[in-house]
Every structure is written in structure tokens, then in C-alpha cells.
Amino acid sequence: MSVSIEKKRILYAAVFPLLFIILLWVIQLLQWGMDWNFSFLGIYPQMLKGVPGIFLNCFIHSGFDHLWSNTLSLFTLLWFLFYFYSQIVWKTLGYLWILTGLFLWLIGRPGVHVGASGIVYGLTFFLFFSGVLRQYAPLMAVSLVVVFLYGSIIWGMFPFAERIKPDMSWEGHLSGAVSGTFVAVLLRKQGPQKPPPVEEKEEDEQDDDDPYWLQGTGSYPLPPQG
């Protein structure tokens, strides 16, 4: 692959993550500048009015600190997804988005849950387990990078996390982790795969054109006597 084509792939993989991040910041700026509150678009667990939030809650954040805490992780993980899993990127992202919201709607505490943290967890767990399951060196390398960068977030998906930060939706994090793991297993046969092993030909393969009395010998026999 030429250098120019590789550069295009790298840049293309960054387009959607960048546009998505810009959209999130525009929404947050509108909330701040216009004194609007879009929290009604979040998820209200086990309530009918919370169903739209399954699809919309990721666009809404409680403040700039909340949004900033997700920004770099979202961009990095989405870039990994678009670059290494381009064949199945939209299917993967769609499953993660809907399943994360649905699980949160089912298991969340009473109240309103907003933010893209669930997607961050979903992407993290998908990229890790997908690389492990596929046993393909480049994707396994991505798994290791993800663990190195985001391995510590695992503590945010357990109930004791709310003791450290009461407004943290550990249920949203857990929903993302479960969704990411599930989607990695579900799509393990789709998208990039480990190349099959190449069978090598035997160097000493016998030439079928030789007469049968010469096959398997290293020299011609002596002519018959008499």
C-alpha cells in the first residue's frame, strides 16, 4: 500500500470522530449560551418517557467537565474503530449505541442519565475483546494499546463508583462494557480476520515428466547387458 493511500485512510478514519466531537461541543455550548437544558433527552430508566433517550442520551452532557472527560477518549476509540474495522464500522457502532442505551434503560437507577461515557466503555470493550477473539496481530496490538490507555476505567462500572462520585452513572458504564463484549463476540466472524496460513510447496517435489524408472532415483541406471 502506497504512503499516499495510507495517509488517506488515516485522515478518513478521523473525519467522523472529529465531526461527532464538534457536534457534542456545539450542543453543550447551546445549553450554556442559551441557558437551555436538554437533560429531558436523557434516559429515564424503566419509564416510557425515557425511551427516546436510548438513542439521544449520548448527545447530552451535564457540563463542560463531563464533556471534556469523554472527548479525547471518544475521538481516540472512534478512530481505532474506523481505521481497523472499516468494513463493519457502522454496524458495530449502531449495535453499541442501541444496546448500551437499552441496557441502561433496563438497569439504571431512578433519575436521568446523560452522556457518552457508555459509548466510551462500549468501544473500549469491543476493541479489546475483538482483537483477542480474532487472534490477528494488528488487532491484538490495538487491544494492548486500549488496555494500556483505558484499562483503569474498569473501576467505573461497579456500584462502589458512586461513593467516589455520586453523580456518576456506573450503570451506563456497565451497560457499555456488556454491549461492547457482546458485539465483539457477535461480529467476530465479520470484518478483518487473521489471514490463513500459506502452504509451502516441497522443494524436492518429483518431476512427473520423468520416466517411471527414473522417478525416485538420483541417477540414470546402467544400460542392460547382454
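In this predicted model, α5 and α6 (137-150) each contribute at least two residues to the lining of the second largest pocket, and α5 gives the most, with four residues. The residues lining this second largest pocket are T124, F125, F128, F129, V146, V147, Y150, G151, I153 and I154; by class they divide into eight nonpolar, two polar and no charged.

The largest pocket is lined by 34 residues, among which H66, S117, M168, S169 and H173 lie nearest its centre. The elements giving two or more residues to that lining are α3 (64-84), α4 (89-107), α5 (117-134) and α8 (170-186).

| Pocket | Volume | Nonpolar | Polar | Charged |
|---|---|---|---|---|
| Largest pocket | About 720 Å³ | 13 residues | 17 residues | four residues |

Turning to the aromatic side chains, the structure holds 18 aromatic pairs. The ring centres of W36 and F38 are 5.9 Å apart and their planes stand at 50°, so this pair is tilted. Within the pair, W36 is partly exposed, with a relative accessible area of 42%, whereas F38, with a relative accessible area of 18%, is buried. Elsewhere, ring pairs join F16, F20, F59, F82, W90 and W97 into a cluster.

Charged side chains also lie over aromatic faces: R9 is placed over the face of Y83, at 4.3 Å from the ring centre, and K49 lies over the face of Y44, at 4.3 Å from the ring centre.

How values were computed. Residues numbered from 1 in each chain as written. Predicted model: local features only at pLDDT ≥ 70, side-chain atom pairs only at ≥ 80, totals over all residues. Heavy atoms only, no water. Phe/Tyr/Trp six-rings, centres within 6.5 Å; stacked < 30°, edge-to-face > 60°. Buried < 20%, exposed > 50% of the residue type's maximum accessible area, 1.4 Å probe, protein only. Lys NZ or Arg CZ within 6 Å of the ring centre and 35° of its normal. 1 Å grid on protein atoms, 1.4 Å probe; cavity = no way out; pocket = protein on both sides within 12 Å on 5 of 7 lines; lining within 4 Å. Points joined across faces, edges and corners; volume = space filled by probe spheres on them. Nonpolar A, V, L, I, M, F, W, Y, C, P; charged D, E, K, R; others polar.
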